[in-house]
Amino acid sequence: MTDQLWTVYQPIIGLEDGRVHALEALLRWEHPELGPVGPAEFIPLAERNGTIMPIGAWVLRTACEQLASWDAAGGDPELAISVNLSARQLLDPDLAATVSAVLSDTGISPARLWLEVTETAIADENDVTGATVDALAALGSRIHIDDFGIGYSSLAQLRRFPFHGLKIDRSFVTPLGDDEEAEAVLSALLAIAAASDLHVVAEGVETQAQLDCLTRLHCPLAQGYRWARPVVADAVPELLAELSSERTP
């Protein structure tokens with residue numbers, strides 16, 4: 001099936017320095033008969049039938065190999081790659097060993113690998129999930145909570161797991177610029193993150209008004225169509241050059 005899959009990449013921008021800090025690897029599927037199938041449709045199916053395990057391993061290796069390729073071509077040595085992990089992958093006691101092998105094979109520093117897990121994946125805490133997250137963090141990789149604010153995580157879980165950051169769901173970002181209440185809620189989320197020593201990525205940023213609000217609230221990182229839609233790997237160097245040229249001197 002992996003011959004029908006490919007990855008695209010979307011930049012994660014530092015709002016203070018304008019630099020691209022990371023690229024999120026996003027999975028795409030072109031079905032031979034159905035055509036493009038969205039992740040919202042095929043990821044739950046892959047979770048149910050177990051194919052998410054080999055697919056997830058393939059995305060991880062592909063993304064790290066691609067980062068190593070950009071490095072070899074003179075890319076930014078501090079650029080990170082962000083990869084999503086499914087709930088089922090976190091139940092694999094060998095996941096940390098798999099990640100370690102990929103890092104070793106590609107020569108990527110563990111700190112340059114950001115691993116995103118959803119709130120629901122860690123909501124029903126169990127021994128396997130907890131041990132897996134701990135083992136991934138012990139490698140030196142950065143663990144982020146994805147879609148924060150719409151799931152079931154608690155403040156206790158923010159302290160229980162060795163998280164490095166969280167990604168605020170786009171539903172909190174979309175109203176910014178037109179809704180004072182939304183700004184107050186986001187300000188509170190940023191305060192929670194700061195108190196927990198977590199850095200924050202705001203996702204789904206599309207407008208200048210949203211960006212202005214996030215900048216005013218001192219949100220560290222953001223991503224969205226305001227800067228770029230996800231692009232194929234071959235287009236990444238040109239995109240990074242364009243974004244670099246737009247930075248304020």
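The model is predicted, so local features need pLDDT of at least 70 and side-chain atom pairs count only at pLDDT 80 or more, while totals for chains, interfaces and linings use all residues. Residues are numbered from 1 along each chain as its sequence is written, and side-chain values use heavy atoms, leaving out hydrogens and water.

**Stop 1: the whole chain.** Show the cartoon: the chain has 10 helices and 10 strands (DSSP runs numbered from the N terminus: helices are H or I with at least four residues, strands E with at least two). Along its principal axes, the C-alpha trace spans about 45 × 40 × 40 Å.

**Stop 2: helix α10.** Select residues 236–245 and colour Val236, Leu239 and Leu243, the buried residues of α10. They sit on the same side of the helix because they cover an arc of only 60 degrees around the axis, taken from the directions from the helix axis to the C-beta atoms. On the face turned away from them, find the exposed Glu238 and Ser245.

**Stop 3: threonine 62.** Stay with α2, where threonine 62 has its place. Threonine 62 counts as buried because its relative accessibility is 19%. A polar atom of its side chain lies 2.8 Å from the backbone oxygen of tryptophan 58. Leaving aside residues up to four places away in sequence, threonine 62 touches Thr7 and Tyr9 (contact means heavy atoms within 4.5 Å).

Conventions:
Buried means under 20% relative accessible area, exposed over 50%, partly exposed in between (1.4 Å probe, protein chains only). A polar contact is a pair of N or O atoms within 3.5 Å; within protein, one must be able to donate a hydrogen and the other to accept it, and residues adjacent in sequence count only if both atoms are side-chain atoms.
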